Amino acid sequence: MTSYISDYYNYIVYEQMDQRVKAYYFMGSPVPILLLVTSYLVFVLRLGPWFMKNRPPYNVEKPMMLYNIVQMAINLYFVLVACLYVWLPGHYNWICQRPIYEPNPVEDIVVGKFYLFMCSRILDLLDTVFMVLKKNNHQISFLHLYHHTFVATACWICVKYMPGGQPAFFGTLNAFVHVVMYFYYFLTAIDASYKKSIWWKRHITELQLAQFFILLVQQLYAILSPTCDFSKYLLAFFLSQAILMIYLFSNFYYNAYIKKQPKKTKTS
């Protein structure tokens, strides 16, 4: 039994992986990504709040400004590369695209950018670390934690087994949303008063919702299309995640921007 489990593990983890990413750091064993995500959750939910309990909030505005600029630049780079090399030349189909494993110069670029995209989504985890250090624990919701941990893990899986194909569409949409989002974070890191004066704050959530609605339509169309040769099981999984994210973001949007807050009663 032990030998069978070991052989099956090696088959799934090493033999089935895309050999083009074999030499990339972090892509061999799943242990590093699991340890990273677990450490992130332990720090955010337990260790961080315990460490900050009797300490004043740290001033991390300057590191956050640098972080936001870097994230803006990285995600803008992804959008430009995807448009110039993948979508505008017609290298990929917008609705259904199977992974391309055959030697291909454009696909070699795509594989490398998928890996960098995964690294940027791991870097996204610093968002929550900054929140803990600033003692903004009210911002750390289930939606925030699930979105960050799931995207980081899912990106690792995509890079390991299919760095290209259907997930590239969502990656492009998501990178564009992150450009807008980190620009807003950069402005609010410069001056916290912008949080009240920037009128399009709520529209960032609307943009996030829009990307998942677009993804839902794309995945549903691909599932129903008889000519789509991408895995129907994976399409169904992508579809389920789009539905879950629409529910979570809609719930956040309702509570943050639509639900009327109770009026404070005056006391004598």
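Predicted model: local features only at pLDDT ≥ 70, side-chain atom pairs only at ≥ 80, totals over all residues.
Visitor: Which helix has the highest confidence, and which the lowest?
Guide: The mean pLDDT of the protein is 87, and 93% of its residues reach 70 or more. Among the helices, the mean for α2 (residues 31–52) is 94, the highest in the protein. The lowest mean, 64, belongs to helix α8 (residues 194–197).

Visitor: How many helices and how many strands are there in the protein?
Guide: Read along the sequence, the pattern is α-α-α-α-α-α-α-α-α-α. The counts are therefore 10 helices and zero strands.

Visitor: Why is the protein described as being as compact as a globular protein of its length?
Guide: For 268 residues the globule rule gives 18 Å. The protein is close to that value, so it is as compact as a globular protein of that length. Its radius of gyration is 21 Å.

Visitor: What share of the residues counts as buried?
Guide: A residue is buried when its relative accessible area is under 20%. Applied to the 268 residues of the protein, this cut-off gives 43%.

Visitor: What part of the accessible surface belongs to carbon and sulfur atoms?
Guide: The accessible surface of the protein comes to about 15800 Å². The part that belongs to carbon and sulfur atoms is 69%.

Visitor: How far apart are the mean positions of the positive and negative charges?
Guide: The protein has 22 positive and 12 negative charges. Their mean positions are apart by 20 Å.

Technical notes
Residues numbered from 1 in each chain as written. Heavy atoms only, no water. Helix = DSSP H or I, 4+ residues; strand = E, 2+ residues; numbered from the N terminus. Rg over C-alpha atoms; globule rule 2.2 N^0.38 Å. Buried < 20%, exposed > 50% of the residue type's maximum accessible area, 1.4 Å probe, protein only. Areas by Shrake-Rupley, 256 points an atom, 1.4 Å probe, with all protein chains shown as cover. Lys, Arg positive; Asp, Glu negative; His and termini not counted. Charge placed at Lys NZ, Arg CZ, Asp CG, Glu CD. pLDDT = per-residue confidence, 0-100.
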